[in-house]
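Dear colleague,

I am passing on the structure below, together with notes on what turned up when its geometry was examined. Please read the notes with the structure open beside you.

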Amino acid sequence: MDRQGKKESKVPEPVFRFEKGKLRTSDHVPVQEFPLSLIVNGRELATLISSPHDLRFLVAGFLRLQGFVQGLDDFQMFSVCEDFGVANVIIKGEIPEQLKPAITSGCGTGITFNLQQKMQVKGKGSTNSDFHFLPEDLFALMDQLARFAGEYRKSGGIHSAAVGEGRSILLYSEDIGRHNTLDRIAGEALFKGINLKGKILLTSGRVSTEMVTKAAMLGISLIASRTSPTDLAVQLANQAGITLVGYLRASGFNIYTYPESLVCAAQASVTSGVTAVILAGGKSTRMKSNKALLPYSGELFIERIHRQLSALFPEVILVTNTPDLYRFLPCRMVPDEFPGLGSLAGIHAGLKHSKTERIFVVACDMPYLNSELMRRMIAKAQESDVVIPESDGGLEPLHAVYSKNCLPAMEAALKDGKIKIVDCLDWSKVTVLSREEIAAVDPEFQSFRNINTPEEYFRFREEMQDRKVEADEEDISVQR
């Protein structure tokens with residue numbers, strides 16, 4: 001709400017779809033959830049949680065079923081303001097002074113009593129920095145929930161929920177109301193002394209704001225449902241630092257908040273202790289447009305680079321001072337601490353925000369990355385603080401591995417206004433990857449090729465088209 005109480009128009013958070021081992025944007029829009037404050041005879045009686053259509057029917061039916069009115073003649077004034085989310089009604093007779101409130105277990109409406117005020121709102125980007133999850137774990141947990149939910153299958157009217165960690169269910173409950181299942185879990189955890197902080201909540205029902213609020217109060221890090229969250233639940237999870245997953249089925253799931261907590265890369269990979277960092281802070285002066293957003297084979301440059309890196313590394317960080325341009329990417333975004341000081345400032349920011357000891361840095365205009373070359377460079381990283389390749393054009397500091405040991409020297413250089421990367425490296429702790437080693441996996445040294453000008457971009461597209469034609473001809477030849 002704004003200061004006048006009107007609803008603010010918000011840009012919806014992007015939704016991502018994980019399927020067949022890949023993460024992509026989705027066009028799914030969460031179902032709407034609308035809180036309506038009900039004022040009867042000048043007294044705020046309840047907040048009705050509903051869909052935002054035909055609200056006058058909702059208000060009249062609620063008051064009738066509560067026994068406050070018998071017919072339309074009992075209404076002396078009836079006003080519903082959708083812009084402000086308020087229904088103001090005057091009825092014949094008086095509302096009893098002592099009312100015993102109840103939170104309904106139904107799926108359509110409910111009554112809340114300032115429940116969200118008990119939740120500490122953390123703000124965007126404040127999710128538990130140590131929390132990451134594997135898709136395989138979520139699939140395993142939901143399979144277990146389905147097996148436990150015998151009553152749900154028998155009657156069709158029982159909701160189920162569970163709290164898990166890794167691939168193990170810790171607590172399980174069933175109830176006719178989805179909110180009640182979480183209440184039961186909270187009570188059992190209290191009796192058994194189980195701390196729910198950082199755990200995963202799974203539910204068979206739709207996720208609403210009440211569910212998110214209660215989960216946040218319990219310290220839950222991720223909520224996963226077989227169905228959809230509401231739009232307000234997505235907003236609240238975003239504020240509370242909770243990863244929200246919906247439509248978790250055998251083939252995949254949607255991620256509504258904090259997609260960067262998903263780990264797509266194999267944990268046993270050689271890259272498991274390294275974070276990938278994409279630098280997207282360049283001015284693109286020669287290109288005269290943002291190089292990262294250039295289209296390439298049905299996707300953007302930066303989408304291709306992110307997709308390749310996310311298949312190798314447990315986390316990808318984008319260093320940018322304009323995060324709104326890249327909201328479609330499912331990764332953590334961090335700004336420069338020293339804006340305007342070039343790539344060195346970007347590497348410094350990536351190192352400082354990385355949760356791992358080492359990072360692998362690439363620029364946002366490198367469409368020819370070679371996965372095997374990156375693996376070989378990282379394999380050498382244990383021997384030194386920096387692994388930097390050398391091509392015919394010299395050293396390639398924007399396709400290199402750096403450790404946090406480089407931070408003090410980088411920070412000192414940036415404070416002095418120095419921006420040359422190679423000048424602040426301790427060369428006794430630098431491993432230079434020779435041309436021969438590179439040529440073994442990348443004979444044409446394409447990994448370091450940048451696209452800096454419109455001419456280079458159009459040449460690149462022509463090359464890609466020629467390669468596609470050659471590949472198609474080879475396929476035809478093989479088929480014959």
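Predicted model: local features only at pLDDT ≥ 70, side-chain atom pairs only at ≥ 80, totals over all residues.

The side chain of glutamate 437 meets that of lysine 380 in a salt bridge, with 3.1 Å from N to O. This pair links distant parts of the chain, because glutamate 437 belongs to helix H11 (residues 435-439) whereas lysine 380 sits in the loop between helix H9 (371-379) and strand S19 (386-391), 57 residues apart. Lysine 380 is partly exposed as well, at a relative accessible area of 23%.

Glutamate 390 counts as partly exposed at 26% relative accessibility, and arginine 435 falls into the partly exposed class at 32%. Elsewhere, salt bridges that share partners join Glu337, Lys352, Glu411 and Lys415 into one network.

In total the structure holds 18 salt bridges, and one of them is formed by glutamate 315 and lysine 355, whose closest N and O atoms are 3.9 Å apart. Here too the pair links distant parts of the chain, 40 residues apart: glutamate 315 is in the loop between helix H7 (301-310) and strand S16 (316-319), and lysine 355 is in the loop between H8 and strand S18 (358-363). Is glutamate 315 buried or exposed? With a relative accessible area of 6%, glutamate 315 is buried, whereas lysine 355, at 38% relative accessibility, counts as partly exposed.

Turning to helix packing, H8 (residues 342-353) packs with H10 (residues 407-415) at an angle of about 140°, and their axes are 10 Å apart. Because angles count as roughly antiparallel over 145 degrees, the two helices are described as oblique to each other. The crossing in which H8 passes H10 is left-handed.

The loop between H10 and strand S22 (430-433) contains aspartate 423, which counts as exposed at 62% relative accessibility. Aspartate 423 is 10 residues from alanine 413 in sequence, and their C-alpha atoms are 8.6 Å apart in space.

A nonpolar surface patch of about 230 Å² is made by Leu395, Trp427 and Val432. Of these residues, leucine 395 is placed in strand S20 (residues 394-395), and at 30% relative accessibility leucine 395 counts as partly exposed.

Finally, glutamate 94 lies in the loop between strand S6 (86-91) and helix H2 (135-148). Which residue is 7.6 Å from glutamate 94, C-alpha to C-alpha, although 53 residues apart in sequence? That residue is asparagine 41. Glutamate 94 itself is exposed, with a relative accessible area of 71%.

Notes: Residues numbered from 1 in each chain as written. Heavy atoms only, no water. Patch = residues over 30% accessible without salt bridge, like charges linked within 9 Å, V, L, I, M, F, W, Y side chains within 5 Å. Areas by Shrake-Rupley, 256 points an atom, 1.4 Å probe, with all protein chains shown as cover. Salt bridge = Lys/Arg side-chain N within 4 Å of Asp/Glu carboxyl O. Helix = DSSP H or I, 4+ residues; strand = E, 2+ residues; numbered from the N terminus. Buried < 20%, exposed > 50% of the residue type's maximum accessible area, 1.4 Å probe, protein only. Axes fitted to C-alpha atoms, helices over the stretch in contact; angles between N-to-C directions. Parallel < 35°, antiparallel > 145°, perpendicular 65-115°, else oblique. Left-handed = near helix turned anticlockwise from the far one by under 90°.
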